[in-house]
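Here is a short briefing on one protein model. Look through the structure first, then follow the points below.

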Amino acid sequence: MAKPEFETPPLEDWVSTPAVQPDAMAHVRPFVAKPEYQEPLGFPGELVENWQDVALDKMGELLGRYRSLQVFMDACVKCGACADKCHYYLGTGDPKNMPVARQDLMRKVYRRYFTTAGKWFPKLVGAVELSEEVINDWYSYYHQCSECRRCSVYCPYGIDTAEITMAGREILATIGVGQKYSNEIIGKVHTIGNNLGLPEPALADTLEGLEEEIEEDINVPVKLPLDQAGADVLLVTPSADFFAEPHVDGLIGYAKVFHQAGISWTLSSYASEAANFGIFIGNYQNMQKVAQRIRQAALDLGVKRIVVGECGHAWRVAYSFWNTLIGPFDFLDPAYPVPQHICEFTHDLNQRGVLKFDREANDDKVVTFHDSCNVSRGSRLGDTPGGQFTIPRDLIRASCAHFVDMAPDTIHEHTFCCGGGGGLLTDDLIELRVKGALPRAQALQQVIEQHEVTHMAAICAICKSQFTKVLPQYGMGMDMIISVHQLVGDALVFGSEH
Ligand code: SF4
Ligand code: SF4
């Protein structure tokens, strides 16, 4: 990878609060979506003439629709508890990347147009007009938030900056200033069924190739079925699992689990994507339309269960939104959770003694685990509180004898975003992505030094792609990042090894 034209922050013993550097990241903004990416999603192709009116109407609509947004606009007491909790502030020093300041970009406009005090005494209450300058700041800094919700964990009022970011992005798209990366991807899912635009023949070829690879490797005919009507399980997984490294080894791991458990399963060429970028742009219509394909595929294939692969935000959408967006799921088998995460699925099989592991297969590794934001703070796993933290770790420990956690204030609900979540995994934001990865890289460096950690496992496709790209900037190998189900798949014992 060519060296980017910015300085990677140095790794220190611990992440310290950086000196404030006003506007340090004002130049960073993703490409704006062209009309061909805006219009299919129901947004205007370019900035509309009366954009102030349209933006304020939309803001009023969102304030009315989401009570939480109204509360978040009113509740902040400027205590500052969130100020140094965002990885983008820690990595950049730009004060507009402090969560409270990010919120204020919208709050100032809210006060001007939606509060009496702001209408009559704007200066007294810090209210501002919705100007071009404000909109430019919105575009930059609402695309420097990965909607990870870390700041909300520390806010005494539970203010969730992620929701404000989502509202900001939706307003921007509604006036014709959407983000190219996310909108282009959503369009591909609507037309082809996955983020990559991978059509059915290419997907079928890829899966066949993987079957051959697995058989060559372990001499067992593990299948990766596509469009198999009547299978028990429909697996929806991020499309990066079909070809990207290290994701694909996770997919191979899922296939081995299904094979060993003897449970029939299938992928769908119509809904070959678990990811749902509709959440990133804060637009429920698009989120619903993307999710709808999965319901339809499950109905068409006549499956009894839906299992979701390793993808953080996809799991958040499935866990928190599917029932409202595309439920009810009364056509599925009520004996199983709807939806079910692949980690829950594998964990359950392991607890029932269905799987046979040999941890020696991973004896060359010392593993740590990166909790993904959307799983940690936007959903959960299993039927006990904190299952989203224990279940992946249980699977790692079942597969590998050497596991160590990173520092307590960087894991579980305190986990740091990888720096590429929330629709920011695009090369036009590489500076932000590298700098935003600083806190996680720092915590990883600590366990490398103290425990000789060789690998960091994850259950999120975005985290895996992001770390593969940014860890080398911090002097770490891109192959340090690994799928939890690669560890699982490599440790499963087959055939004569039983
Ligand atoms: S949601 Fe995450 S990225 Fe956004 S301001 Fe809060 S900590 Fe930063
Ligand atoms: S922690 Fe909450 S109340 Fe305090 S400044 Fe941040 S958003 Fe406002």
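## The sheet and what surrounds it

Strand S1 (residues 233-236) and S2 run parallel, joined by 2 bridges. This is a predicted model.

**Trp265, a residue of S2**

- Trp265 sits in strand S2, which covers residues 265-266.
- Which residue is the bridge partner of Val233 in S2? The partner is Trp265.
- Is Trp265 buried or exposed? The relative accessible area of Trp265 is 4%. Buried means under 20%, so Trp265 counts as buried.
- Set aside the neighbours within four places in sequence, and Trp265 is in contact with Lys223, Leu224, Pro225, Gln228, Ala231, Val233, Leu235, Ala255 and Phe258.
- Trp265 and Pro392 are 127 residues apart along the chain. Their C-alpha atoms are separated by 22 Å.

**The nonpolar cores**

- The largest nonpolar core has 118 residues. Leu235, Phe258, Trp322 and Leu444 have the most contacts inside it.
- Phe258 touches Val233, Leu235, Ile263, Trp265, Ile342 and Phe345. Residues up to four places away in sequence are not counted here.
- A second core is separate and has 43 residues. Trp51, Phe72, Ile164 and Leu432 are among them.

**Helix H15**

- Helix H15 spans residues 342-351. Of its 10 residues, 7 are buried, so H15 is largely enclosed by the rest of the structure.
- Which residues of H15 are buried? They are Ile342, Cys343, Glu344, Phe345, Thr346, His347 and Leu349.
- Gly353 follows H15. The phi of Gly353 is positive, near 75°.

**Around ligand 2**

- There are 13 residues around ligand 2. Cys76, Cys79, Gly80, Cys82 and Cys155 come nearest.
- By class, the shell around ligand 2 has 10 nonpolar, 2 polar and 1 charged residues.

Terms used. Residues numbered from 1 in each chain as written. Chains lettered and ligands numbered in written order. Predicted model: local features only at pLDDT ≥ 70, side-chain atom pairs only at ≥ 80, totals over all residues. Heavy atoms only, no water. Core = buried A, V, L, I, M, F, W, Y, C linked by side-chain atoms within 4.5 Å. Buried < 20%, exposed > 50% of the residue type's maximum accessible area, 1.4 Å probe, protein only. Contact = heavy atoms within 4.5 Å. Helix = DSSP H or I, 4+ residues; strand = E, 2+ residues; numbered from the N terminus. Near = heavy atom within 4 Å. Nonpolar A, V, L, I, M, F, W, Y, C, P; charged D, E, K, R; others polar. Pairing = 2+ DSSP bridges.
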